[in-house]
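The following report describes a structure chain by chain and contact by contact. Please keep the sequence and the three-dimensional view at hand while reading.

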Amino acid sequence: MADERIKHVTMPKWGLSMKTGRITEWLAEEGETVSQGADLADIDTDKIVGTLESPEEGVLRRIVADVGAEIPVGATIALFAPPDVPDAEIDAEVAAAREKLASGLLEEVAGPTVATVEVDGRPLAYATLGDGEEVVVLVHGYGGDKNSWLFVQEKLAEGRTVHALDLPGHGESAKDVGDGGLDELARAVIGFLDAVGVPRAHLVGHSLGGAVVTAVAAAAPDRVRSLTLVAPAGFGTEVDGEYLRVFASAASRRELKPQLGKLFADENLATRQLADDLLRYKRLDGVDAALDKLVKTLLDGETQAIDAASLLGSTSVPTVVVWGREDRVLPVANAAAVGERAEIRYVDGAGHMVHMENPAAVRDAVEEAVRRG
Amino acid sequence: MTDTLSTSVAYELKPEALHDAYRTMRTIRAFEERVHEEFATGDIPGFVHLYAGEEASAVGVCSHLDNRDTIASTHRGHGHCIAKRVDVKAMMAEIYGKSTGSCHGKGGSMHIADLSKGMLGANGIVGGGPPLICGTALAAKQKGTGGVGVAFFGDGASNQGTTLESLNLAAVWNLPAVFVAENNGYAEATSSTWSVASDNIADRAAGFGMPGVIVDGFDFFAAYEAAGEAITRAREGGGPTLIEMKFTRYFGHFEGDQQTYRADEVARARETLDCLLRFRGRVTETGQLSLETLDRIDAEVAELIDEAVDEAKRAPKPRAADLTTDVYVAY
Amino acid sequence: MARTISYREAINEALAQEMERDERVIVMGEDNAGGAGSPGDEDAWGGVLGVTKGLYHRFPGRVLDTPISESAFIGAAIGAATAGMRPVAELMFIDFMGVCFDQIFNQAAKFRYMFGGKAVTPVVIRTMYGAGLRAAAQHSQALYPVFTHIPGLKVAVPSSPYEAKGLLTQAIRDDDPVIFCEHKALYDTTGEVPEEQYVIPFGEANVVRDGGDVTVVAIGRMVSVALAAADELAGAGIQCEVIDPRTTSPLDTDTILESVESTGRLVVVDESTPRCNLATDISATVAQQAFRALRAPIEMVTAPHTPVPFAGNLEDLYIPDAQRVVNAVKSVTSWER
Amino acid sequence: MGDTVVGIVANPLSGRDIRRLVAKASVFPTAEKANMVQRMLTAFGVVGVDRVLVGTDLGGISAAVLRAIGTRTPRDPPWPEVEFLDQDPITQTAADTVNAVRRMAEAGARVVVCLGGDGTVRAAAAACGDTPLLPLSTGTNNAFPQLREATVAGLAAGLVAVGAVDIAAVTRRAPVLRVDAAGRSELALVDVCTSVNRYVGARALWDPAALTELYCTFAEPDGIGLSSVPGVLCPSPRDEPSGVALMLCPPAEATWVVAAPIAPGLVVPVGVRSWRRLEPGEVVEVATPRGVVAVDGEREIEFSDAPAPRVTLRPDGPRCVDVRAVLAGPARNRLIQEVER
């Protein structure tokens, strides 16, 4: 009978499609005492390299997964245990874990559950994690989808219900974006809240999604408990118009990939898999038209065409803004437009995809907003 | 009494229809005889196969067609093109390989086409056309346009699998198609009495469960009536028909052919059977057209052909850049 | 929403969705109805391997059964295409091109050029290729290089269900004649395919796997063979970049050249016979345009210059397998000047 | 050995005019005509015909017979010597039949078998003079020649040739209609009809609306073709010297409307204003101002203005063999051999 003081750290499931992960680097050594939340290992999920924060407090007794090896989600990658647990028991536990892995008998790790609701005659898809009174809705940006919250959603879902929504024209939602305007998209989010029977929710929006949730708060303040705006569009005027236009027009990986680099501070995070996934999305009938409309909504020549800042000013919904200092799509200078209306958290070493490059910072911001809401 | 009757007679041609038919037949003849001369001067490149002598067939058939209808032709296709209203000057320019040609000089005599007119192209492959016509007939049937597909082919093609397969498919699918076998007696230099085992191509129709008729291909009125029946039948959903036109071509298989394989039959045909000669005699006897009218048409046609040749000779060649264009719609 | 379906289902779905979307799309082929004109209608085969199953009753009058008469009905599909339809004809086995090739390469492929750019011939000819089913010499060939050789034709060779649906949808919407080559041994393979319609543009290769040591180009069924080899080689510390051109005409040489520029080594895996095939074509292009980048001679893994044998042990030898790819990769990586 | 000669002339073009298209008439293939000739040769061999003259054509009939001769084996029944008449150039017109029959008559043929339709027999009739004719139908549209098995016809013709029968008893001269129009003169064995079609066109007459006048040498109720109109309304037997003349008109203005098989597959209402007997030697002027004269159902002569076409019923047509009469008579015994016991 194994010692219950031995704790397993397993390969996390970051996003729906993640089946396996590869440890690219261990950030702690065997025997080291690790505090909960400390960086434990870098993991390559094919889509992106992410950092696993230690779920446990204590001594890292044994590293089970070697660097470079392909490990299925749910498989043991490390063991934590107090120093007084004998090595023999640890060895036995490792052997057992390896056996279990070899036999392929891993319990299916519950990822988010995906569902769709009908809003204004168009199906909207969303992924849900957790279960709780408090409801958080995550709204992605232009060209993104519900999976872009892969490093954020799981943690936020502890004791809460967290929905990650696919906006119209994105992900698995209908590709019809109507006039593609901010109001249209805001109506979709409100419609979504109605459809899932949520009177009030904490809204989190990235980029275009940031502008959308701001518009929701302005249109229906009583439905919104708090706002977390991650590199939101509609603040200031600076924008990399080329990124938006090429993203919409690119038909091949060679055209698209260079643009994707602009999303991150560390360009290596723009993997080929990310490009291929986006191409698969862009090839769907109706997506070209949707993106074209959204570009028209977002851009006026080389400057931003929407104004979310004044919308935000018109509400008193508690708000926290997060911005990557190395954002090349919506430069951080735009944050000035937030003024005194909300707390702004600047994140070093992060680009436009703050929630991927520094998920912890985004989670903390959400927690803060939720606390105030 | 007889006059009230005559108005209801099938295939009674009004003077303007005769006028048009004669002009078209004359245009084909003049076009071919001129190409014959010009080819001898060495100005015209490549292979050229002339239709002279067979005019009644193309015109007798195409007089019943409009732009809904499609035809597929053969390597001896000039007559079919003119009968289906392809622009004569563009045709001449094409034969000279000029950029103003029907195909911008990239097709030549054997590939003149104008799909906007339902002319699916002369065809360098013996037996290439009939399957295509099954397709255009199928399209007409699917779209319910009432269109008919007509495949012209020669006695040589009558022995090709593609032709026999197409006759079968057209019968199986009950397509609005008409197969016109132009039996001019020779596949290149080989007599059809030797190469066609059934001797009469029309006999083969019975094997496909469709009507087959033999028509004097030198007689416009015979061709016109037979084609009219077949085309009407096809339009009304009656299915395909095989018509065999029997006649002789006036020139060799291709220009430069010494025709050692045949004797004086051409001279005899020209004197006694020629479709234009007989047409003139008969329409003047019935008083439907006057000799003056016919001569005026001849003169106008001669002028048109002169212009066509002059313009073709003066027209620019294709640009070097055209070598690689129009291989694909997009690549 | 993506779900896992088979290569066969992906093709069937592409046909059904395009027929739904565009009434000009018609389907014709042998045994499409299955005993047309007989009670057999009621259990339409959907072609000899059931790829079009269900369409016959779902689209009355738009799925035509044909006699075994390839010249006539392939030609008819081509003719119908010139007359405004978008026909998809099924040439049961690619080996049967021999009885209808004139209509394909002298007619369909030439119209646009020889008619001076005035013809549009949006016909798709779906056909089965490939060895592995013990079907012997006349039902097993990989003849896509023959079509690839002909200007005016486009040639797609899908390697997976996702590719099959996206490339076929593109083929049907494409305004040029397309030869769509389906590997008969792939019909029951499965993969994630979106329910929604999508198109994969022609001439855009798919980098199936990243790797810095060797570029491995593989087409059709050979893609999975190359991936198996790449997995084994990864164990030995050799990282292969596996590229699936997806279409042989047009061919995405840029992606291949880019990859070779970084790896300096090329192995081409092609199920067709070795003379004037895709392997020789790609090798020549790379030798010509990326010579300086090459650090080792190019390796080609192809079938032998023989007909496809019947006996199982011989056919297994005939078809390129992962071991031969592994050997080829090892020879280019171990090559020293 | 003696030299009993029979002629066979076969028209390769008969039996495939536009009626095949407008009225589902059947095609009579060349191959079958060649087979009929061969079946006859076998019959000739049995009754002792020495020599058979066969006309030549480009349609493939004579060629097929030549091939057949070349491929005979000892097990095949003996055939007479076959001689092909290839002296005249082949024109692929009725002239070929005329030339062949004339040479047969000159060569002393005792009987000429004529394979074809009314048109073929008509051409032969113009050239055979006194030589008996045995017309054999190779079409579905024939009023004059009978549809008979060639073997049987061959036996009859053979018996006539070898002198086994009294020619006068088994043959009779058929009356003919002579028509003179537009400077041409034609013979009709069954009927002459005027139509308002302006042109000969596809030859056949299948549009009753165009018909104006009809003259027949005979009219039988079981006949096919235009003569079936009087055949139904006012029959006139073959063996009577007189014929019938009818004025036709649209059903609306007609005295009688006759539903008659004016062509295979074509039973249409034909309006008749009046009819009368046509006496031998009688000359009639056609009343139709312009149009086409059809002879035995096929448009032949385009005419307009004066002089109006003239139609004459003449008794001196071709001498035709009555197959039934031949085989019913004593000649039959030539086919019987008493077996001694």
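## Terms and model

The structure is a predicted model.

## Chain A as a whole

Chain A has 11 helices and 18 strands. Along the principal axes, the C-alpha atoms of chain A fill a box of roughly 65 × 45 × 40 Å. A compact globule of 373 residues would have a radius of gyration near 21 Å, and the 21 Å of chain A agrees with this.

Of the 373 residues in chain A, 49% are buried. Among the contacts in chain A with a separation of 6 or more, 68% are between residues 24 or more positions apart.

## Contacts between chains

Which pair of chains has the most contacts among the 3 pairs that touch? The answer is chains B and C. Their contact takes 36 residues from chain B and 34 residues from chain C. On the side of chain B that touches chain C, the elements that give two or more residues are helix H6 (129-143) and helix H7 (161-172) of chain B. H6(B) provides the largest share of that side, 9 residues. By class, the side of chain B that touches chain C divides into 18 nonpolar, 15 polar and 3 charged residues.

Chains C and A also touch, in a contact that takes 13 residues from chain C and 8 residues from chain A. The side of chain C that touches chain A has 7 nonpolar, 2 polar and 4 charged residues. No contact joins chain A and chain B, and their closest C-alpha atoms lie 14 Å apart. Chain A and chain D do not touch either, with their nearest C-alpha atoms 52 Å apart.

## Two helix pairs in chain C

In chain C, helix H7 (residues 222-235) and helix H11 (residues 322-333) pack at an angle of about 55°, and their axes are 8 Å apart. H7(C) and H11(C) are therefore oblique to each other. The crossing in which H7(C) passes H11(C) is right-handed. H7(C) contributes Val225(C), Ala226(C), Ala228(C), Ala229(C), Glu232(C) and Leu233(C) to the contact, while H11(C) contributes Ala322(C), Val325(C), Val326(C) and Val329(C). By class, the residues of this contact are 9 nonpolar, no polar and 1 charged.

The other pair described here consists of helix H3 (residues 70-82) and helix H4 (residues 101-114) of chain C, which pack at an angle of about 5° with their axes 10 Å apart. An angle under 35 degrees counts as roughly parallel, and H3(C) and H4(C) are therefore roughly parallel to each other. On H3(C), the contact is made by Ser71(C), Ile74(C), Gly75(C), Ile78(C) and Thr82(C). On H4(C), the residues are Gln103(C), Ile104(C), Gln107(C), Ala108(C) and Phe111(C). The contact of H3(C) with H4(C) has 5 nonpolar, 5 polar and no charged residues.

## An enclosed helix in chain D

Is helix H5 (residues 118-128) of chain D largely enclosed by the rest of the structure, or exposed? It is largely enclosed, because 10 of its 11 residues are buried. The buried residues of H5(D) are Asp118(D), Gly119(D), Thr120(D), Val121(D), Arg122(D), Ala123(D), Ala124(D), Ala125(D), Ala127(D) and Cys128(D). Just after H5(D), Gly129(D) takes a positive phi of about 55°.

## Backbone details in loops

A cis peptide bond, with omega of about 0°, joins Ser249(C) and Pro250(C). Pro250(C) lies in the loop between strand S12 (247-249) and helix H8 (253-263) of chain C.

Two arginines have a positive phi, although neither is a glycine. Arg85(B), with a phi of about 75°, lies in the loop between helix H4 (78-83) and helix H5 (88-95) of chain B. Arg85(B) has 17 C-beta neighbours inside 10 Å and so counts as partly exposed. For Arg203(D), phi is near 70°. A residue is buried if 20 or more other C-beta atoms lie within 10 Å of its own; Arg203(D) has 22 such neighbours and therefore counts as buried.

Note on methods: Residues numbered from 1 in each chain as written. Chains lettered and ligands numbered in written order. Predicted model: local features only at pLDDT ≥ 70, side-chain atom pairs only at ≥ 80, totals over all residues. Contact = placed C-beta atoms within 7 Å. Helix = DSSP H or I, 4+ residues; strand = E, 2+ residues; numbered from the N terminus. Nonpolar A, V, L, I, M, F, W, Y, C, P; charged D, E, K, R; others polar. Rg over C-alpha atoms; globule rule 2.2 N^0.38 Å. Buried ≥ 20, exposed ≤ 12 C-beta atoms within 10 Å, placed from the backbone. Axes fitted to C-alpha atoms, helices over the stretch in contact; angles between N-to-C directions. Parallel < 35°, antiparallel > 145°, perpendicular 65-115°, else oblique. Left-handed = near helix turned anticlockwise from the far one by under 90°.
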